[in-house]
Amino acid sequence: MPLFAGKSKGDGTVKKWIASLLIIFMIAVVTACGDQNSSGDGETELTIWVAGNSNQIQDTFRAIIDDFNEQHESEGIKANIQFEPWGELDQKLSTSLAGGVGPDVFMHGAAAAAGFAAGNQIEPLNAYFDDWADFSEFNPGYLEAGSVEGDYYVIPIQGANRMMFYREDIFREAGVEVPETLDELLEISEAFVEKDGSRFVRAATNLPTEGNDLQQIWSAFLWSNGGDILSEDYTEAAINSEEAIKAIEFYKGFFDRELTPIAGMGGQGDQHPLGTGEVAFTFDGVWAIEQIQTYTPDAYEHVRVTAPPRGLDGTTTLVGSSGFFMNANSDHKDAAWKLMSFIGDKDNIEKVASELKFLPVRLDVADADFVQEDRLFAEFVELTTKVNGKANPNVPRWTAIRDIVVANVEKAIYGQLTPEEAVENAEKEINEEINRN
Amino acid sequence: MYRNNREVKRLITSLWIFLLMSAIAIIMLWPFIWMLVTSFKPNTEMFTYPPTIIPNEIVFDHYVSAWNAAPWERFFFNTAFVAGVITFSSLFLCALTGYAFARLEFPGRNFLFLLLLASMMIPFEVMLIPLYLIVVNFPFTGGNGLWGGGTGLLNTYSALIVPRLLFPFGVFLMRQFFLTLPKSLEDAARIDGCSEFGIFWRVMFPLIKPASATLVVFVFSMMWDDFFWPLIVINDQNLMPVQLGLQSFQTSQYTTDWGPLMAATVWVSLPIIIVFLFAQKYFMNINVSSDK
Amino acid sequence: MTNNEPNIQVKPPSSPSSKKKSYFQRNKDFWGSTQRRKRALAGYTFIAPAYLLFVIFLFIPVIWAFYLSFTSYTIFTPGEFVGIGNYSRLVNDNSFRTALWNTTYYALMVIPLNISISLCLALLVNRKMKGMNFFRAAYYVPVVTSIIAASMIWMWLYDSNNGLINYVLIQLGFNPQSWLNDPNLALPALAFMRVWKGVGWNMVIFLAGLQSIPKTLYEAASIEGAGGWKSFWKITWPLLAPTTFFVFVMATISTFQTFGEIYAMTSGGPVGSTTTLVYLIFVYGFERYEMGYAAAIAFVLFFIIFVLTLINMFITQKKVNYDL
C-alpha cells in the first residue's frame, strides 16, 4: 500500500475500510444481477402501465391481466402490470421512453396523443382497428379524442365528459329552474348566494381559476358560443373572436358579481361542494358522483345532472378520454395489440366501468344493469350520448397552447387584462408558438 | 439572599423560555396535529366549519383501510434497508472526503471541492434523464454489455442505493465541521506517528459526533422522504418505498382519499421522528453544557 | 491538474503563509517536501471513492445537461445543435422573466427568515432543560412530514372559505384573505410554508455547530465579565462562521430549487405568480418536452446560485478564525 502515508498503525484500518467499501459495491452489483428475471424460453413478456394506483384500480386491472395471461398462456404471452400515480405519470413515462425501456402498452390521457405521436413514441392503430369488429362499438368521441391527423392511437378505457350538476333543493328554495341559456344562468345565480360578512356560506357555483380545469370548463363555453381556439386545420389561432370575448365575460361575470369566490368553493378536503350544499351547481365530470356518495351520502338524492345551458350557438361539452397506447418501439406489437383488444372487449370495459365508476366508453355498455342502478350515473351516461361533444385539438404543441389560453383567460379574470386584450394577446402568442421551430 | 434572588430570576427566565418554546412548538406541530386529528374523524365529519379540534366521533377506519391499501411491511423493509445502507455508507464517505477537503492539503483541492459544491446547484429535473440513461445503460449489469443492451440497474435496490451513496452536501457539512477543529490535535497525533488515516479515524472523526449525528438524521430523513427517484427507477412493487404507498390514496385524477392518507402519513413519519429522538443525544455530545 | 485557485480559496487551517511566488515555484515547493507529498497523496486517496461516485452519477449528468442546453433536444428526439439559441430565446421569454423575478422574491423572503429563525431556535434549544428533547423533535417534525401530505394540509389551512387561518382572522376581527388565489399573497404564503418546513433542518445544523464550540471559551469570557449578548458576538457568531456558511449555501440551493409544494398547491398560479424557475423547468421539460430549453433555464439558475455562493464564500473567508 504505497499510497498511504502511515504504515505501522494505519494499514489495518485502511484495509478494513477498503474492504467495507468493496462489500457495499458487491452488494450493489449482486442485487443488480440477482433481480433479473430470466425468461429466455421463447416467452413473450409484455409490460403494461396503468395510470392511477389506488387499491380499487389495482384490483380491477390485476384481475383483467390475470384473465389475459391465463387465456394466452398457450401462446407464450405474459403481461406484467404496473400502476403509476397520475401526478407523476408524465415524468416517469417520458423518462422511460427516453431511456428506451418504456412499457409496451400504457395508459394516458388521450390529449397527449399528439405530443407522443410527434416524437414517434406511439403506434398508429388504424391497421389493427380495420380488422376489429369491436371498433364500431366504441363511442366515436372518445376514439376521436386520441386521434392525430386522421390516425387513431388510443383504445379508450375511461370517458371524461363534463356536464352540469345541480342541487334541485337549492334551486327550488331559490324559486328558479335550470334556465335555457348561459346568460340567464348568470342572471339567476344571484338567488343562490348566501354570505356571512365577506365569507361565502353558499356560492352559486365553483369555477376553477387556473390550469387544466379552467381550460376544460371555459372551452366548453367558448364552443357553445360557436367559437374555437384554433382554426379548423389547426394551422393558426382563432381565439381572437367575439365568441371568445363573450365566453370570458360570462366566466368572469361570476367573480365580478360576487356569485362565487375567486379562490374557489371546493376547498373542504375531498368533499364535493355540491354535497355540502356550498354551491348550487357545478360543471363536473362523472367522478363527482362518487365523491358525493362517499363524503356526503345524504345529499345524493338532491343532486341532478343535466346538459349545460345553451351558449350563443347551442350547447357543446368537452369530451375527453384516457386509454391505452401502444409503444411504437415495442418489440412485441402483435402481442401488445392482443392485450389492448382484450382490455377493450365488452366484458372488461363493463368490469372497469362498474367497479371503478369509469364513464363507459362502449355504446353497448351504456345501458348495462350496473349503470341503471345508480341514478346519477345512468343520467350522466345518457347525456353523454345526447349532448354535442368536442375534444381538445390534438396538435403537438397543445400543452403550450393550452397554457397560453389559460394564462390569458386568468389575466382577464383577475382584471389584469380586458377580455378583448386577453383574446388578442392569446391569439398573438398562440401564433408565435405554432410558427416557432 | 442575593443568591436566592438570582435563582428566582433564573427560574423566571426559564419559565419565559419554556412558554416561548411551547408556543413555537404548537405552530410547528400544528399541521401534524391536524393530520392526526383528521385521521380519526369519520368522512362525514372531516371538514366541518368551524373546524373542530376534538373529533365528535373517533374512528379507526382510516387506519384499517390505509393499512390494507398497500403492502406496508414490504415497503417499510425496503425503505429501512435502502435508507440504512445509504446512511451509514454515506456517513463514512462524506466524513472521509470532507476531512480531506478540510485538513489535507493537495493541489486542486479547492477546485475539486467547488466542483462538488456546484453540482448541487443544478436542478434535478434536468439531470433526471441523463442520470436515468446512465442507470439504464450501466455497464455489465442487468443484461448490459459495455453500454446498454439490457435494463442496467433499473428496478433493483442498486438503482436506489448506488447513485445516492454520495451526497455533496454531506461532504460539505463534514468539511465545515472538520474546519472548526484545532490544528494542535492533528499535529500531536502526527508527532505520535499516526498514519493519515489513523488521524482521521481515531482522532478527528470522533470529535465531530454532533455533525455525524446531524448527517445521519438528514440522510436518513431525506431517504425516508424521497419518492421521486424511486418512482422513476422502480417498477416492481416488491422494491418500492413507503412514500409510494402514500400515493395509493389518490383515488382518481381529481380526488384523494383524505382519511387514509392522513392515517398513513402518521405512521410513515413516525420512524424518522424516532431516529431523530435517538440521534439527539449525540447532538449534545461534546461539551454537555450548563445553560448557555 | 489545476493548482490552488487563489480567488475561490477558503482559507484552509494549515495554509502556509505563501507569499506571491510563481505558480511553478509554488508547485515545486509543494512537491519538494516528502511530508507534504505524502499528505497530498493521502488527500487524493481519501477523496477517490467519493469522487468516483461523483463523476459517474453527478458530474456526467450535469455536463450532459449542459450540452443539452445547446440543443433542441425534446426527450423523444435528439434534436440538433442550436448554439446559444436556447439562451437567446430566454432573453425575450416573458414567462422566464416573470419566473426569474418570482424566484428572486421568493428567495428574498425565505432565506433570511429561514436562517435567522433557525439560529434563534438553535440557541433556544441549546440548553439543558426538562422536555428539551421534545422541543427539538417538535421543531424537526415539519422536515420529516411528507411533502404530499404537508401540502394538502397547508392548502386546507390556507383555504379562503373554510381554512383555519381565515377562521382565526375572522374571529380576531380581520378580513379573510384568499391566500393561494391572490396573486399578491400566494408566493408569500408558499414562502411561509417553506420556512415552516425548513427551519428544523437548519436548526439541527446550527445546534451541531454550537456544540462544537469549546465551552472553555465561554467560561473564559464569563470570567472576564462578558454578558450573554457580548459573548454571542465575540465567540458564538465568529466561531459559527463555517456553519453559517454551510447553512446559507444549503438554504440558497434548496430555496431556489423548491418544487414539491408549488406543484402540489398552486401549479404556478394564480396568474403565474408562483411560477418559479424550477417550476418553469418542469413545465418546459416534462409538459412540453422541450428539454434543451429547460436545461438552459437550469443553467441560468445554476449561475445565480453559484454567484451567491461565491459572494458568501468571500464574505465568510474574511472573518473566519480557524486556529484556536
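Leaving out residues up to four places away in sequence, Ala113(A) touches Ile122(A), Gly146(A), Ser147(A), Val148(A), Tyr153(A), Val154(A) and Asn394(A), where contact means C-beta atoms, placed from the backbone, within 7 Å. The model is a predicted one, in which local features need pLDDT of at least 70 and side-chain atom pairs count only at pLDDT 80 or more, while totals for chains, interfaces and linings use all residues. Residues are numbered from 1 along each chain as its sequence is written, with chains lettered from A and ligands numbered from 1 in the order in which they are written.

Ala113(A) turns up again in the largest nonpolar core, which has 321 residues; along with Ile297(C) and Ala298(C), it has the most contacts inside that core. Such a core is a set of buried Ala, Val, Leu, Ile, Met, Phe, Trp, Tyr and Cys residues joined through C-beta atoms within 7 Å.

Over in helix α17 of chain A (residues 419–435) sits Pro419(A). Beyond its neighbours within four places in sequence, Pro419(A) contacts Ile245(A), Ile248(A), Glu249(A), Lys252(A) and Ala412(A). Ile245(A) is 174 residues away in sequence, yet its C-alpha lies 5.4 Å from that of Pro419(A).

How values were computed:
Helix = DSSP H or I, 4+ residues; strand = E, 2+ residues; numbered from the N terminus. Contact = placed C-beta atoms within 7 Å. Buried ≥ 20, exposed ≤ 12 C-beta atoms within 10 Å, placed from the backbone.
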